[in-house]
Amino acid sequence: MGVPNDEPCLTIHGLIRDRGPIPGLEGKMIRVLAGVDFSARRGQVTALLGANGAGKTTTLECAQGLQPIDGGEVRLLGRAPYGAGADLRARVGVMLQDGGLPPSARPMALLRHVARMYADPRDVDSLVDRLGIGSFANTGIRRLSGGQRQRVALAAALVGNPEVLFLDEPSAGLDPQSRQIVFDLIQELRAENLGIILTTHLLDDAQKLADYVYIIDAGRTVARGTVAELTARTADHPSGRELTFEAPPGLAVSIPPLSHLALTEESPGRYALRGEFSPADLANLAGWWHEAGILPDSIHMASRTLEDVFLELSGKEIR
Ligand SMILES: Nc1ncnc2c1ncn2[C@@H]1O[C@H](COP(=O)(O)OP(=O)(O)OP(=O)(O)O)[C@@H](O)[C@H]1O
């Protein structure tokens, strides 16, 4: 039995969750989630973003059936997850931020043990190989670095061959090589039609990986859309584009034909040009590079980033 492929693998409507009684608040209850809407499809990465305390963890725990709900509706693979049996849990993989791994276990033995609990597990050796775990497969988990533990936690979440995968800050603590391995694997899993739900504070990760993004604030969904939709210029946000490029440091930052745009060297060798661009401006910029014999190491042009949108929606103050 399964959910048809075009049905969302997770839907959340108007989710309400109260916690308490809180001793510091005269034993009152607090409404942690006051109307979260969220939906994730197979073959997509759906990101859930929010500032500290916005309600991401609570939303995910309700979605995974780890907490009951006080209102609204949650369906995971077509079922209410709270109180659902082991058969639903077996179809869902969860990678927690702190790994949640037993410190005295060794990765290989742990993964083999977990694999034996599932009817149709993934091949442990190829997962170990794919995630570069081999060199520390027999080292106790308490002796592993944070990044090594992250990779073991991802392998443990995948070994049961889940249909839905929850990833909480999957690239936290990873060096650039490991981050790339994990990102590539996430893309492969998406191509295998898993529904992937990603929470992260790294908006760059979300921008790179997510097909669809939900932003929650103070326990409510405040924005949703593809990265392109969320960052598009709108009547409310007519802000100009930004072009960044990397080139040798210390270049003159005044280019007469581009004087209506602000060109700054933001850090040595990293330049930003902001304002209302016309195609002619790009031609003039390329002409300047040509005359100065500059071949930029990178060029990037974008309208608003996900980070800009996030800060607009959830405010700039720290929670
Ligand atoms: N068991 C609880 N009792 C009281 N308050 C709680 C409880 N669990 C969560 N909260 C409160 O609910 C709010 C949402 O918490 P939650 O952990 O879901 O946020 P989050 O978005 O995951 O935050 P972070 O990014 O910091 O992990 C916070 O204000 C938190 O203090």
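This report walks through the predicted model shown above, from its overall layout down to a few single residues.

## Ground rules

Residue numbers start from 1 in each chain and follow the sequence as written. Since the model is predicted, local features need pLDDT of at least 70 and side-chain atom pairs count only at pLDDT 80 or more, while totals for chains, interfaces and linings use all residues.

## The overall picture

Let's start with the whole protein. Its C-alpha trace spans about 70 × 50 × 45 Å along the principal axes. There are 10 helices and 13 strands; these are DSSP runs (helices are H or I with at least four residues, strands are E with at least two), numbered from the N terminus. The protein is divided into domain 1 (8-231) and domain 2 (241-302), with bounds that come from an automatic or database domain assignment. Taken over C-alpha atoms, the centres of the two domains are 40 Å apart.

How much of the protein counts as buried? Of its 319 residues, 34% do. Here a residue is buried if 20 or more other C-beta atoms lie within 10 Å of its own, exposed if 12 or fewer, and partly exposed in between, with C-beta atoms placed from the backbone. Two residues are in contact if their C-beta atoms, placed from the backbone, lie within 7 Å. Among contacts between residues at least 6 apart in sequence, 68% join residues at least 24 apart.

## Around the ligand

The ligand is surrounded by 13 residues, and the closest are Arg19, Asn52, Lys56, Thr57 and Thr58. Strand E1 (8-22), strand E2 (28-41) and helix H1 (56-63) are the elements that give two or more residues to this shell.

By class, the shell has four nonpolar, seven polar and two charged residues. For that sorting, Ala, Val, Leu, Ile, Met, Phe, Trp, Tyr, Cys and Pro are nonpolar, Asp, Glu, Lys and Arg are charged, and the others, Gly among them, are polar.

## The core and helix H5

The largest nonpolar core holds 67 residues, and those with the most contacts inside it are Ala155, Ile196, Leu198, Ala206 and Val213. Helix H5 (residues 146-158) gives the most to this core, with seven residues. Such a core is a set of buried Ala, Val, Leu, Ile, Met, Phe, Trp, Tyr and Cys residues joined through C-beta atoms within 7 Å. In soluble globular proteins, nonpolar side chains tend to be buried together.

Setting aside neighbours within four places in sequence, Ala155 touches Leu111, Leu127, Val128, Leu131 and Ile133. Gly147 is also found in H5, but it counts as partly exposed because it has 16 C-beta neighbours inside 10 Å.

In helix H3 (residues 107-116), Pro107, Leu110 and Leu111 are buried. Seen down the axis of H3, they fall within an arc of 95°, so they line one face of the helix. The arc is that of the directions from the helix axis to the C-beta atoms. Ala109 and Arg116, on the other side of H3, are exposed. The buried residues of H3 pack against helix H4 (124-130) and H5.

Helix H10 (residues 306-314) has Leu306, Val309, Phe310 and Ser314 buried. These fall within an arc of 105° down the axis of H10, so they too line one face. What do they pack against? Their partners are strand E3 (44-49), helix H7 (203-209), strand E8 (212-217) and helix H8 (227-231).

Pro21 sits in strand E1, and the peptide bond from Gly20 to Pro21 is cis, with omega near 0°. In the loop between E1 and E2 you'll find Glu26, whose phi is near 50°, a positive value in a residue other than glycine. Is Glu26 buried or exposed? It is exposed, because 7 other C-beta atoms lie within 10 Å.

Glu169 has a positive phi of about 50° although it isn't a glycine. It lies in the loop between strand E6 (164-168) and helix H6 (176-191), and it counts as partly exposed, with 18 C-beta neighbours inside 10 Å. Over in the loop between strand E10 (241-246) and strand E11 (262-267) is Pro256, which counts as exposed with 7 such neighbours inside 10 Å. The C-alpha atoms of Pro256 and Asn284 are separated by 9.5 Å, with the two residues 28 apart along the chain.

Definitions and conventions: A residue is near a molecule or strand if its C-beta atom, placed from the backbone, lies within 6 Å of it.
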